[in-house]
Each structure stands twice: as structure tokens, then as C-alpha cells.
Amino acid sequence: MDLAGQAKSVDDLRDALMGFEGCALKKTATNLVLSDGPVDAKLMFVGEAPGADEDRQGVPFVGPSGKLLNAMLESVGLKREDVLISNTVFWRPPGNRTPTTQESAVCHPFIERLVEIVDPEVLVCVGAPAAHTMLGQTQGISRLRGKWFEFQTTRLSHPIDATALFHPAYLLRTPIKKRDAWADMRMIAKKLSGG
Ligand code: URA
């Protein structure tokens, strides 16, 4: 928590995580996957955990889920290059399993600090695990999506509008849900344009 709290920039966070030995996932991962996109982004996405492609390249959401996420952004007139993208944990869990509560808890001060540094207008939690850790909610993603929450920390001077989205990996397996996800993307784009 102290290490994360001292970081003043994304580079500080990266340096801190490079030297951090408190998360066992680091041992099996190839690369640290911290963030992609501009630090002054108005829109920030937080996913669950890096997968195989992300682990290889050290960049979040570059595999099949990332490609669908890019298409979803484009469909509502947003560009991936304008969005800051990260995850609740920064190393790939072996076999892409869901991060354990302990792994998420250990990484949490770092993702929380990243949100404070970026201070976006809108925070989008991608998938249930991200919505649960970031928003402190326990309901299933179907109940959390399409609604607005407030993300607040002791250091933020104001709450950040936050919502949840079906994970693109789920949408790839369950295309019938794409309609809801696109409605959610429109809701996010509207909020960004002041609606
Ligand atoms: N899925 C995630 O949740 N995050 C990534 O970075 C890639 C796939």
C-alpha cells in the first residue's frame, strides 16, 4: 500500500511493480502488464488479468478480447488510443485462471493508485471480477452492467463515475449478449459527451 501510494506517475508505478515481490503470479509470468494508453485519458477500462498474448507482449487487451474491445469502442465513436487500459492484476495467472482473492488484494493498491493518477471521467470495469474488486459489489455482472456507480478513494477529491461491462471473452462465447454490451457502450459514450 505504501509502495503504491508513493507513486506519482505510471512510470513510478511500473518501477514499483518491477521491484515488487509480493505477488506470486510474477514468478510464472513472462512480462509485467500494467497499462496501455494516455495517462490523461478521460476513459479508463480495468479488466481482470492478462492472458497469453498480453503476457507475451506486456500490453493489456491485445488478444482476441482486446480486438473485440477495440471494435466496441469504435462502434460508438471512441478510439482505443484515447483510452487507458489496465487490469486488476498485472501478471498472467497460469492457464488464465481467475486471480485468487489474495492475488487481487495484493495488486489492489496499485490499480487504485493508477485510477487516482489517471483520474478519468469514467471508469469501466470489464467483467465480474473487475467489477467486484473495483466497485466493492457482489452481484453478478448481468445486474451490475448498464448502471452507474461511484468509485472513490481517500485521496480522490471527487468520486469517479463507474460502470461494469460484460467481458469481451464472454461476449465471444455468448454473442447474444452483444446487444446489451453495445447499449452499455452507448451509455458510456453518452456520459463522456456530457449526457
Ligand atoms: N482479458 C483481460 O481481462 N485483460 C486483458 O488484458 C486481456 C484479456
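This is a predicted model: local features need pLDDT of at least 70, side-chain atom pairs count only at pLDDT 80 or more; totals for chains, interfaces and linings use all residues.
**The chain as a whole**

The chain contains 10 helices and 5 strands. Its radius of gyration is 15 Å, close to the 16 Å that the globule rule gives for 195 residues, so the chain is as compact as a globular protein of that length. Taken along the principal axes, the box filled by the C-alpha atoms is roughly 40 × 40 × 30 Å. Of the 195 residues, 49% count as buried, while the chain exposes about 9,200 Å², of which carbon and sulfur atoms supply 49%. Among the contacts in the chain with a separation of 6 or more, 72% are accounted for by residues 24 or more positions apart.

**The cysteines**

The sulfur of Cys107 has its closest cysteine sulfur in Cys23, at 4.1 Å, which is too far for a bond because a disulfide requires sulfur atoms within 2.5 Å. Cys125 is likewise in no disulfide, and its nearest cysteine sulfur, that of Cys107, is 16 Å away.

| Residue | Relative accessible area | State |
|---|---|---|
| Cys107 | 0% | buried |
| Cys125 | 0% | buried |
| Arg80 | 13% | buried |

**Helix H6**

Helix H6 covers residues 101-118, and its 18 residues, at 1.5 Å a residue, should span 26 Å; the end C-alpha atoms are 25 Å apart, which agrees with that expectation. Just after H6, Asp119 takes a positive phi of about 45 degrees.

**Arg80 and its surroundings**

Arg80 is placed in the loop between helix H5 (64-75) and strand S2 (83-87). With a relative accessible area of 13%, Arg80 counts as buried because the cut-off for that state is under 20%. Leaving aside neighbours within four places in sequence, Arg80 is in contact with Asp36, with Val59, Pro60, Phe61 and Val62, with Gly66, Asn70 and Leu73, and with Ile85.

Terms used:
Residues are numbered from 1 along each chain as its sequence is written. Side-chain values use heavy atoms; hydrogens and water are left out. Helices (H or I, at least four residues) and strands (E, at least two) are DSSP runs, numbered from the N terminus. The expected span of a helix is 1.5 Å times one less than its number of residues. Buried means under 20% relative accessible area, exposed over 50%, partly exposed in between (1.4 Å probe, protein chains only). The radius of gyration is taken over C-alpha atoms; the globule rule is 2.2 Å times the number of residues to the power 0.38. Contact means heavy atoms within 4.5 Å. Accessible areas come from the Shrake-Rupley method with a 1.4 Å probe; for residues, only the protein chains shown count as cover.
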